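Please read the numbered points with the sequence and the model at hand.

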Amino acid sequence: MATAAVMPQPGLPKAAFKPIIQGQATKRKLEHVDFDPRQHLAFEEPQSIVMMRDIGYSEDTGVSPVAVSSPFRMFTPECIQNFRDEVLSNEVLEKCSYRSNIAAFQVRGYAPKYAPFTYDAWHNPQTLSIVSKIAGVDLIPNMDFEIGHINISVKSEKQALDEKTAVELQRKSFADDEGIAGCPWEDDKPVVGWHRDSYPFVCVTMLSDCTNMVGGETALKMANGEVMRVRGPQMGCAVVMQGRYITHQALRALGAQERITMVTSFRPRSPFLPDDSVLSTVRGISRLPDLYYEFGRYRLEMLEQRIQTQIKRLREDHDSGKKTDTKALKAFLDEQEQFVRRTNSEMIPEEEVIEGHQPEMGLENVKLLTPPEDEVRPVKRAKVA
């Protein structure tokens with residue numbers, strides 16, 4: 001198995017963050033804080049960006065030629081603390097937490113009702129500009145329900161210390177035998193199993209102190225079946241990835257009491273670019289009426305904008321004496337029919353959805369050179385006619 005990692009990320013000033021204790025949430029009443037990009041953004045350019053061609057895919061796969069960035073500094077310690085205060089509040093953990101077959105504990109669908117600061121942070125124009133610049137395409141949050149999806153892994157202090165001790169012993173053994181036995185501290189067990197995201201792009205932000213953490217990388221399956229490891233972000237840092245088109249998994253982090261990541265999903269702002277969003281990985285961990293409302297609404301709004309533009313074009317051509325291009329009109333209508341069918345097919349009746357189930361891609365698919373037909377298809381980035 002080949003492994004590779006992007007360049008190390010920039011450092012982040014130390015902050016007094018205590019790890020959460022298992023079963024304990026923020027109990028104090030939260031004060032409202034407005035997101036201020038001058039106070040809460042600390043952006044530094046990523047040192048490198050992996051392109052889709054670098055992992056074996058054609059550049060017209062997906063909505064951008066960008067695959068994944070190296071970790072980059074994104075938010076200040078104060079901003080991270082505000083995120084933590086909101087997402088670890090009793091109310092959020094009681095009303096918005098989920099478990100699934102591929103992730104032990106997740107929190108989602110809490111903004112803006114329970115987390116106005118987090119909501120404002122990801123809708124702020126400067127935040128969107130940063131994410132869009134790195135992604136190579138103008139992006140907006142896919143849906144409010146998908147703002148700040150949280151993955152949580154928590155251990156006792158003894159468990160973390162035991163892991164750290166074991167890692168140090170393995171490192172010493174590795175040094176003593178001059179590496180003949182390989183690198184035993186590179187843990188291959190995932191915290192989230194092999195999958196493709198439901199939405200085109202994600203921005204993954206670390207909310208935990210990673211000082212004593214070993215591992216925690218994201219593993220990417222390349223087109224030839226080999227695996228590339230991308231270094232995980234430090235606290236306050238983020239990674240941007242075109243996760244809809246890349247099979248990936250989050251590997252375990254050892255030696256730390258907690259690992260909390262915040263994942264916000266994005267789609268192209270333009271309604272004329274393809275939207276390959278699906279709901280397969282999120283139906284089982286969502287309030288379906290809310291999820292279907294937001295998904296159905298934005299997809300219909302995209303359709304509305306496309307149709308209005310097409311009507312305007314038809315009218316202008318007719319008024320100027322041009323002959324109606326019937327072939328182009330039928331192609332447009334065929335594309336919108338497919339768009340509507342795809343939208344409808346994603347909204348499976350609630351009684352047929354298995355609570356807590358997220359599809360996981362088995363290791364037998366590692367060597368596939370192209371994704372399974374029902375998972376994802378390459379899409380051209382040409383504008384809709």
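1. In this predicted model, the largest nonpolar core comprises 59 residues. Within this core, the residues with the most contacts are Phe75, Phe83, Tyr110, Trp122 and Ile150. Helix 5, which spans residues 125-135, supplies the largest share of the core, namely five residues.

2. Which residues does Phe83 touch, leaving aside those up to four places away in sequence? Its partners are Phe75, Phe117, Thr118, Ala121, Trp122, Leu207 and Met262. Phe75 and Trp122, like Phe83, are listed among the residues with the most contacts inside the largest core.

3. For the largest cavity, the volume is about 540 Å³. Its lining is made up of 35 residues, and those closest to its centre are Asn151, His195, Asp197, His248 and Val263.

4. Several strands contribute at least two residues each to the lining of the largest cavity: strand 7 (149-154), strand 8 (190-195), strand 9 (201-206), strand 13 (237-241), strand 14 (248-251) and strand 16 (258-268). Strand 16 gives the most, with four residues. How many nonpolar, polar and charged residues does the lining of the largest cavity have? The lining has 16 nonpolar residues, 14 polar residues and five charged residues.

5. Strand 16 also holds Glu258. Is Glu258 buried or exposed? Glu258 has a relative accessible area of 6%, and it is therefore classed as buried, the cut-off being under 20%. Between Glu258 and Ser208 the C-alpha to C-alpha distance is 6.7 Å, although the two residues lie 50 residues apart in sequence.

6. The confidence of the prediction should be kept in view. The average pLDDT of the chain is 81, and 75% of the residues score at least 70. Two stretches call for attention when the model is read. Over residues 171-187, pLDDT stays under 50, and the model has 16 contacts beyond four places in sequence for this stretch. Over residues 362-385, pLDDT likewise stays under 50, and here the model has 51 contacts beyond four places in sequence.

Key
Residues are numbered from 1 along each chain as its sequence is written. This is a predicted model: local features need pLDDT of at least 70, side-chain atom pairs count only at pLDDT 80 or more; totals for chains, interfaces and linings use all residues. Side-chain values use heavy atoms; hydrogens and water are left out. On a 1 Å grid over the protein atoms alone, a cavity is a set of points where a 1.4 Å probe fits but cannot get out, and a pocket is an open set with protein on both sides within 12 Å along at least five of seven lines; lining residues have an atom within 4 Å of a point. Grid points are joined across faces, edges and corners, and a volume is the space filled by probe spheres set on the points. Ala, Val, Leu, Ile, Met, Phe, Trp, Tyr, Cys and Pro count as nonpolar, Asp, Glu, Lys and Arg as charged, and the others, Gly among them, as polar. A nonpolar core is a set of buried Ala, Val, Leu, Ile, Met, Phe, Trp, Tyr and Cys residues joined through side-chain atoms within 4.5 Å. Buried means under 20% relative accessible area, exposed over 50%, partly exposed in between (1.4 Å probe, protein chains only). Contact means heavy atoms within 4.5 Å. pLDDT is the predictor's confidence in each residue, from 0 to 100.
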